Amino acid sequence: MLALREWLRNEKRLGVPHWPLPTANALGATIASRAHSTDPRQAECPGKRSAPPPTTAATGSAMAAGTKADETAVVHDSAQLKTLSTSAASLFVDDPDLPPLCQRELSAAEAAAALADLDARFVRGCTKCRLHAGRTQTVFGVGHPRAELVFVGEGPGADEDAQGLPFVGRAGQILTRMIAAMTLTREQVYICNVVKCRPPDNRTPADDEMATCSPYLFRQLAILRPKAIVALGRPATQTLLATKAPITKLRGEWHDFPPPALGMLGLPPAKLMPTFHPAYLLRNPAAKGDAWKDLQLVMRLLGLKLPPSRR
Ligand code: SF4
């Protein structure tokens with residue numbers, strides 16, 4: 001910069017016309033406005049601020065964590081993405097091609113538009129993991145765009161794949177009854193899954209499939225900004241809490257979301273309650289009592305009361 005000023009002064013002495021040097025702040029603002037004004041990914045969260053970029057130290061520590069097989073790391077560096085997404089199944093890999101997470105509260109109308117935009121522009125045509133090959137359609141999520149309560153399962157089954165809606169099969173009927181027992185309706189909550197495409201033969205999604213798809217889920221949660229999240233079953237719980245601990249150790253008590261391993265994403269905070277997946281409850285009706293205890297804790301947090309006839 002000094003050499004440039006000296007050169008300009010010399011030009012001025014020689015009578016060459018020139019323009020004033022921008023101040024450091026003005027230069028930064030110009031660069032920032034150019035970076036954002038032409039970026040088509042900025043349209044999905046109206047009036048939002050961009051998510052803070054990860055620091056070098058944060059990325060470095062995430063990489064260090066990634067060397068341990070049972071830990072989850074967040075990786076933002078696009079150069080590392082390709083290698084990690086194919087070689088490190090336990091890592092959460094944020095996707096640099098996606099828009100930044102929404103950083104402000106949206107109205108219900110804005111949130112509905114932002115969710116629809118995320119679905120239409122990024123999820124519906126997604127081929128980022130092998131699950132796209134067997135799907136009829138993606139299953140994005142359904143419900144109130146500013147729901148206080150969000151249910152997250154692991155992935156669509158055959159009925160969901162056919163209808164494009166989450167939890168509409170037999171397990172979905174159980175979930176609808178669970179929601180009704182909480183004195184709510186499906187329209188008052190939001191329901192989605194970690195992976196948006198049906199795994200073949202309804203198998204559990206693989207770790208690398210959930211890692212590849214979860215950036216969509218985190219963007220949904222950043223738009224929704226729920227007060228409480230109910231993680232249904234092991235895969236959803238482990239993904240949202242970035243842990244490999246078994247659900248039997250995690251259910252029945254509140255957890256802070258996001259966990260420290262996902263802290264650098266800038267996700268809005270929520271309380272997270274893990275409980276059994278409705279499909280598990282179909283196979284193990286004896287576990288319904290424990291699941292109901294979990295849901296009653298959620299009701300208490302949300303200020304919901306059972307009608308006198310059910311107390
Ligand atoms: Fe894309 Fe998710 Fe479907 Fe994989 S499961 S293809 S990441 S939408």
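By class, the shell around the ligand comprises six nonpolar, one polar and three charged residues. Which elements do the buried residues of helix H9 pack against, and what follows H9?

Modeller: The model is a predicted one. The protein has 311 residues, of which 46% are buried, and it contains 12 helices and eight strands. Its accessible surface comes to about 15,500 Å², with 56% of that area belonging to carbon and sulfur atoms. Among contacts between residues at least 6 apart in sequence, 69% join residues at least 24 apart.

Against this background, helix H9 covers residues 234–241, and seven of its eight residues are buried, so the helix is largely enclosed by the rest of the structure. The buried residues are Pro235, Ala236, Thr237, Gln238, Thr239, Leu240 and Leu241. Buried here means under 20% relative accessible area.

The surroundings of H9 include both helices and strands. Its buried residues pack against helix H8 (207–224) and helix H10 (247–250). They also pack against strands S4 (149–153), S6 (228–232), S7 (255–257) and S8 (270–275). After H9 comes Ala242, which has a positive phi, near 50 degrees.

The loop between S7 and S8 holds Pro258, and the peptide bond that joins Phe257 and Pro258 is cis, with omega about 0 degrees.

Positive phi values also occur elsewhere. Phe167, which is not a glycine, has a phi of about 55 degrees and lies in the loop between helix H6 (158–163) and helix H7 (170–181). Asp201, also a residue other than glycine, has a phi near 55 degrees; its place is the loop between strand S5 (190–193) and H8, the helix against which buried residues of H9 pack. Phe167 is buried, at 5% relative accessible area, whereas Asp201 is exposed, at 75%.

As for the ligand that you mention, it sits in the second largest cavity. The residues that surround the ligand are Cys126, Lys128, Cys129, Leu131, His132, Arg135, Lys196, Cys197, Cys213 and Tyr216.

Note on methods: Residues numbered from 1 in each chain as written. Predicted model: local features only at pLDDT ≥ 70, side-chain atom pairs only at ≥ 80, totals over all residues. Heavy atoms only, no water. Near = heavy atom within 4 Å. 1 Å grid on protein atoms, 1.4 Å probe; cavity = no way out; pocket = protein on both sides within 12 Å on 5 of 7 lines; lining within 4 Å. Sits in = over half its atoms within 2 Å of the grid points. Nonpolar A, V, L, I, M, F, W, Y, C, P; charged D, E, K, R; others polar. Helix = DSSP H or I, 4+ residues; strand = E, 2+ residues; numbered from the N terminus. Buried < 20%, exposed > 50% of the residue type's maximum accessible area, 1.4 Å probe, protein only. Contact = heavy atoms within 4.5 Å. Areas by Shrake-Rupley, 256 points an atom, 1.4 Å probe, with all protein chains shown as cover.
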